[in-house]
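These are my notebook entries from a reading of one structure. I set down what I looked up, topic by topic.

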Amino acid sequence: MKVDDIRKSFLDYFRARGHTIVESAPVVPHGDPTLLFTNAGMNQFKDVFLGTGQRPYKRAADTQKCIRAGGKHNDLDTVGRDGYHQTFFEMLGNWSFGDYFKAESIEWGWDLLTREWKVDASKLHATIHHSDEESRDLWLKISGLPRERVTAYDKENFWEMGETGPCGPCTEIHIDRGPEACDMKSRNPGHVCKVNAPDGCSRFIELWNHVFIQYERKPDRSLVTLPAKHVDTGMGLERITQVLQGVYSNYDTDLFRPIIGAIEQRTGVKYPGNGPDGTAHRAIADHVRALSFAIADGASPDNTGRGSVLRRILRRASRFFHKLGVTDEPALKDIVPALVATMGDAFPEVKAQERLITQVIQKEEEQFVKTLDKGVAMFAKEREQLAASGAKVLPGDAVFTMKDTYGIPYDVTEQMAEEAGLKIDRARYLELEEEAKDKARKAGKFKVDLGKYKHAPVTAFTGYQHTSGEGRVVAADAQELVLDVTPFYAESGGQVGDTGRIVAVDGSFEFDVLDTQKSGQVFVHYGEWVKGEPTLARPGLDVVAAVEKERRDSIRRNHTGTHLLHWALRQVLGPNAVQKGSLVEPLRLRFDFAHERGLGDDEVAEVERLVNQRIVENAPVKIEELPLQEARDKGAIAMFGEKYGELVRVIDIAGYSCEFCGGTHVDRTGDIGAFKVVQESALQAGVRRVVALTATHAMTRAHYESRLLSTIAHELRARPEEVLERIRRMQDEIKDLQRKNKQALQRQLPTWDDLRGKAVQKGPVKVVAAEVPGANADLLRQFGDAVKRQQEPFVGFFVAADDGKVPIVCAVSVPLVAEGWNSRDLLKPVAAALGGGGGGKPDLSSGSGKDAGKIGEALALAEKVVAEKAGA
């Protein structure tokens, strides 16, 4: 079976058994701060298991895009070393939410594997939790497995979401691939092949995990039986494909072979197959998948959070290309088309975002190729020092510096160390890394406990129709108040939460709402008690809740304005200018979208014109709820990273703008008043950001800019329409004067012979340390080049004050370099005396200082440094 057939047959099997087939959630889990990446199929149903959310169905199945490359689930360091670890994978899964349980789950799992897919039952094993006799009995009854192939374990077969919360036993299906599949005996002579072997083994591999969520773990570690029991299963598509295609490595399946073929073509190095020599091909093939899907879903390499993980993945792949001989140019981008051809039909988002994926990877890799050369040079230097001392352990400080300063991931340095026969002082490295993490943790934000209100009733939201209304207290504490009914909009979809006041009907308390957030489907009002205290807010007490209407109206204008902006951007830039994020506040709106370059002034002006034209038209804003598929058929655009149920809310503006949206909006476009773009900038590679104002804020900004232009025109004695040309002429005049001034100063510069005549003897070495007024760094380097050409022991220091900077150059002649003199060592203390630093090669180094007042002191120090080195 081909992989596409396997994926389809899994979904068809469960569709026939009453399961709703749901789309894969984005691999970037928007709205869940506890996850870097979606790492399991159950992530999108987390709120259901916590009791804070619901779905319109009881049974579901999907194939979920997953990345495990950070945090608790981190397979990155092992990827490429064997045939079954990956950072990116697909997880086939089926779920029951309080519907069927163990019997159906086990029966269908066995039936699909052995009857539909014809997996040899004699090779299958089942594992259970030692307390779960029910599952053992079901396996023996349904499958006919002998008792010795149904084995019990403890921690390996008990699943928990966290320290507290939903949990339960799990049963796993393993397959015996035969003795020839074992990859451990050559490395560990005492290895025994078996299920859950402590040292790992590719002979027995897990195929399918069935989790039975039947308990709640309490803070005292006790278990309480849940009133509704759930099933959560997960099976790696790549592993089952390996089995069904009769190969012993995921990388030999039709999911990977086209990608590995592209790597062979790009590098000219044939994939040697399983074993250590194939590590580079396997790692690159995996990493291009992880990067492509993450970028397509809105992530991008950077220095924090998931972005830093992606950067590490990319740099690891780039290093493997380096190992395969591609050393001086980006290559990972060239593999993206093969990935898209392989997976683009199953996941159209990677096909739609191919251009963005390629651009982001290319730009990031171009930067790293330059950095990698520096990192490799630093490693070589450290290796030389170790060789000179006879040591075999690379210092942890050096490894951390390579990561922190040059961006060389630990595992890349580890690769280079292994190749050089060295070990790493991992303990010291981890100590330094923990110190860095501790600093980051101290700067982190407080995270809301999503399970706090899991037993609270779903909040009825009336805010689409009203900004005030009556309700009853559900729960209260020092900073929070929950009602059964509320007109307050809770932050979601980029729109901030409402503010206002909640007052008890009996006058016992008043609560100022400073923000409104969601905990599942419960609306939580955050704020402060201006009268009374939380104990007075008894459950069931009648209240009146009033949203701050003026603020809400501003948000409504900005939210509808965001929809018009999105439409206008697509008109001006094309359909690929899709939303990547947004923020709708009372004072402004912010919109992030896919585009590879900055907008020109004419493009910004055209976007503004189009939006304001639609505002003047005063078209009605139609809001309706539609079945999900009907909304899609209508052409409604889904908001980036949002989850949708079977019934969705659609905002339709006169047919030209039609989007899924749960936010609050104006009744007609004319209610927006006016629209003004105030900022356009880069957010990350391939993503731009626009900030805009509406209504009175837009008019105030336009009035300010008009007044400013009039003032400038008055000062320049020009008409407003002449200001730009007048400023350009002035800039040209200034540049011309600066050029003439520099030429005049350069005509007064000393010649090399002038400077050479000022040299003083320090033992066997001549040294000239001179300030060169009017020179810049390039001219100073010319004097340095003259020093390099001297055939006698000669050192030169040249410094100047240039436009607020203090460039400095140090050069050493060939005879001194041959004796081991190094200009970097001479320059360092002199540049430090000027408040700066520098670096370079043994014969010439350059740097820059900050304090021109210390030039004389620095030049005196330069002569002293040379004298000490020369022994004079």
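In which loop does Arg221 lie? I looked it up in the model, which is a predicted one: Arg221 belongs to the loop between β10 (204-217) and β11 (223-236). I noted its backbone because most residues other than glycine have a negative phi. Arg221 is not a glycine, yet its phi is positive, at about 75°. I also checked its accessibility: the value is 40%, so Arg221 counts as partly exposed.

I then turned to Ala695, another residue other than glycine with a positive phi, here near 55°. Ala695 is located in helix α18. Is Ala695 buried or exposed? Its relative accessibility is 9%, and therefore I recorded Ala695 as buried.

Helix α18 covers residues 695-716. I looked for nonpolar surface and found a patch of about 340 Å², made by Tyr704, Leu708, Ile712 and Ile727. Which element gives the largest share of the nonpolar patch? I found that helix α18 does, with three residues. Leu708, which is in helix α18, has a relative accessibility of 39% and so counts as partly exposed.

I followed strand β27 (residues 675-684) and strand β28 (residues 687-694), which pair in the antiparallel sense. How many bridges does this pairing run over? I noted eight bridges. Phe675 is placed opposite Thr694 of β28.

I asked how far helix α13 (residues 410-419) is enclosed. Seven of its ten residues are buried, so the helix is largely enclosed by the rest of the structure. I listed the buried residues of α13 as Tyr410, Asp411, Val412, Thr413, Gln415, Met416 and Ala417. Just after α13, I recorded a positive phi of about 75° at Gly421.

How many aromatic pairs does the structure hold? The number I recorded is 27. I looked up the pair of Phe45 and Trp95, which is tilted, with 4.9 Å centre to centre and 55° between the planes. This pair links distant parts of the chain, 50 residues apart. Phe45 is in the loop between β1 (20-21) and α2 (46-50), while Trp95 is in strand β5 (residues 88-97). I found both Phe45 and Trp95 to be buried.

I next noted a cluster in which ring pairs link Phe10, Tyr13, Phe14, Tyr100, Trp108 and Trp208. Tyr13 of this cluster also has Arg17 over its face, at 3.6 Å from the ring centre. A further case is Lys869, which lies over the face of Trp821 at 5.7 Å from the ring centre.

I located Ala654 in the loop between β25 (647-653) and β26 (657-660). Its relative accessible area is 52%, which means that Ala654 is exposed.

Terms used: Residues are numbered from 1 along each chain as its sequence is written. This is a predicted model: local features need pLDDT of at least 70, side-chain atom pairs count only at pLDDT 80 or more; totals for chains, interfaces and linings use all residues. Side-chain values use heavy atoms; hydrogens and water are left out. Patches are made of residues with over 30% relative accessible area and no salt bridge: like charges are joined within 9 Å, nonpolar side chains (Val, Leu, Ile, Met, Phe, Trp, Tyr) within 5 Å. Accessible areas come from the Shrake-Rupley method with a 1.4 Å probe; for residues, only the protein chains shown count as cover. A salt bridge is a side-chain nitrogen of Lys or Arg within 4 Å of a carboxyl oxygen of Asp or Glu. Helices (H or I, at least four residues) and strands (E, at least two) are DSSP runs, numbered from the N terminus. Buried means under 20% relative accessible area, exposed over 50%, partly exposed in between (1.4 Å probe, protein chains only). Two strands pair if DSSP finds at least two bridges between them. Rings of Phe, Tyr and Trp (its six-membered ring) pair if their centres lie within 6.5 Å; planes under 30 degrees apart count as stacked, over 60 as edge-to-face and the rest as tilted. A charge sits over a ring if NZ of Lys or CZ of Arg is within 6 Å of the ring centre and within 35 degrees of the ring normal.
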